[in-house]
Amino acid sequence: MRKLPLVLTTAAMTAAAAPAMANNLTVSVELPRIASASYHRPYVAVWIENPDQTMNRSLAVWYQQTRNAEGDGKDWLKDMRTWWRKGGRAISLPADGVSGPTKAPGRHTVSVSASRLRNLPAGNYTIVVEAARELGGREVVRVPFRWGGPTTANASGSSELGAVRVAVTR
Amino acid sequence: MKKTLALLALTAALAAPMAAQAHRAWIAPTSTVLSGNDAWVGFDAGMSNVVFQPDHAAMRFSDLQIIAPDGSKLEAKNSATGRYRSMFDIELKQEGTYRVANVAQGFMAMYEQGGERKRFRGSEADFATAIPADATNVQASRTFTRTETFVTLGNPNETALAPTGQGLELVPVSHPNDAAEGEASTFKLLLNGQPAANVDVTIAREGQRYRTATEEVATKTAADGTFSVTWAASGLHWIGASVRTDGANGQPGTNASYNGTIEVLP
């Protein structure tokens, strides 16, 4: 009887100090096939937002990483307007484990290992995915999730993004 | 007779503010938020009743002050003057915020001579010799007009936004390149470096040509010179304000005006 609160406290302390220590985060992003005579792969950013909607960190940024006749791929990063304004503009790209080339339509997975997230305190967060396409539109999909133990959460876009699935696994 | 007098009074009352507010000055950037290592931005500048709609007069660049993110001065490129708009480009090679301003200082006076109302426009130095000896009711004013906008490459900074302490200026509480639809921005007006309290501020959104209502917003600065605006829609927005300070002891008064352009993104 006396021991129970003690055990709970210990558990709570452990959770606070090393929250979700062994948890991996997986975000799967569906890029819909869009019938367009001038289809270009979208720029996509995936990030974690704090409860106050500020950016916690970027998990993935898919963009043209080279320079071509039209310019440098970084010239259009600002078209992911929400990501850019919330903190994308403060990041120096390319960034290890974050930058990647643009992806073809289909399902893509962003896997973030526990070691990269060990400094993320347990709590409620939102995974935000933003896609912006040349000669196309822009869409933001938000998936609220709980960081602390295994869980899943889903949401779906309607134009530039399909299903977005978030999974926290041990 | 009575009616005529009343009409005359009304006409005069209407004419006074019209004269003061006629033709707004504006600078319209081709974009304000940019990414990459270098970028170009073009600017159109003119004066017209409907802001950003070039249909009256091109802007004369008396003193184009382009301040780079590190505080250094930048030269305009590809300058040209059209009938209704002046234009130039700048090349952004430094990350941060650029302040692009046209600063016009002038001198004007109203006086009466032989019962006739006359106007002088020119330099203050010329005024002393230009004014007739029999001029009466002389009202002289120094004019100081700042017309400006802001653009940012990469991460914004505020070095270029430091006030000069001259005329009416806008200093950020919110960053001018951080305005988003549905959110609020707060700015502060300074007159010669001091907070400009209780000043009328007009905010007009672009595209009035394609709608029937002006959709202008009128507000006033608080005691500390600040004012806030909640952006109802995206687009280029013109912020206008002016302060008249009467002259005393034979000194001319001052007309200080501010015209700023802020882009609001969705």
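Let's start with chain B, where the domain assignment gives domain 1, covering 24-108 + 139-265, and domain 2, covering 109-138. Keep in mind that this is a predicted model.

How do the two domains of chain B meet? Five residues of domain 1 of chain B are in contact with eleven residues of domain 2 of chain B. On the domain 1 side, β9 (96-113) and β11 (136-153) of chain B each supply at least two residues, and β11(B) has the largest share, with three residues. By type, that side of domain 1 of chain B splits into three nonpolar residues, one polar and one charged.

Now for the boundary between the chains. Here eleven residues of chain A are in contact with eleven residues of chain B. On the chain A side, helix α2 (residues 81-86) gives the most, with three residues. The side of chain A that touches chain B holds seven charged residues, four nonpolar and no polar.

Finally, look inside. The largest nonpolar core has 54 residues, and the members touching the most others are Trp26(B), Phe43(B), Tyr98(B), Val100(B), Leu168(B) and Leu189(B). Take Tyr98(B): leaving aside neighbours within four places in sequence, Tyr98(B) is in contact with Ile66(B), Ile67(B), Ala68(B), Pro69(B), Ile90(B), Leu92(B), Phe150(B), Val151(B) and Ala160(B). Apart from that core lies another, of 36 residues, including Leu31(A), Trp62(A), Leu117(A) and Phe145(A).

Methods
Residues are numbered from 1 along each chain as its sequence is written. Chains are lettered from A and ligands numbered from 1 in the order in which they are written. This is a predicted model: local features need pLDDT of at least 70, side-chain atom pairs count only at pLDDT 80 or more; totals for chains, interfaces and linings use all residues. Domain bounds come from an automatic or database domain assignment. Two residues are in contact if their C-beta atoms, placed from the backbone, lie within 7 Å. Helices (H or I, at least four residues) and strands (E, at least two) are DSSP runs, numbered from the N terminus. Ala, Val, Leu, Ile, Met, Phe, Trp, Tyr, Cys and Pro count as nonpolar, Asp, Glu, Lys and Arg as charged, and the others, Gly among them, as polar. A nonpolar core is a set of buried Ala, Val, Leu, Ile, Met, Phe, Trp, Tyr and Cys residues joined through C-beta atoms within 7 Å. A residue is buried if 20 or more other C-beta atoms lie within 10 Å of its own, exposed if 12 or fewer, and partly exposed in between; C-beta atoms are placed from the backbone.
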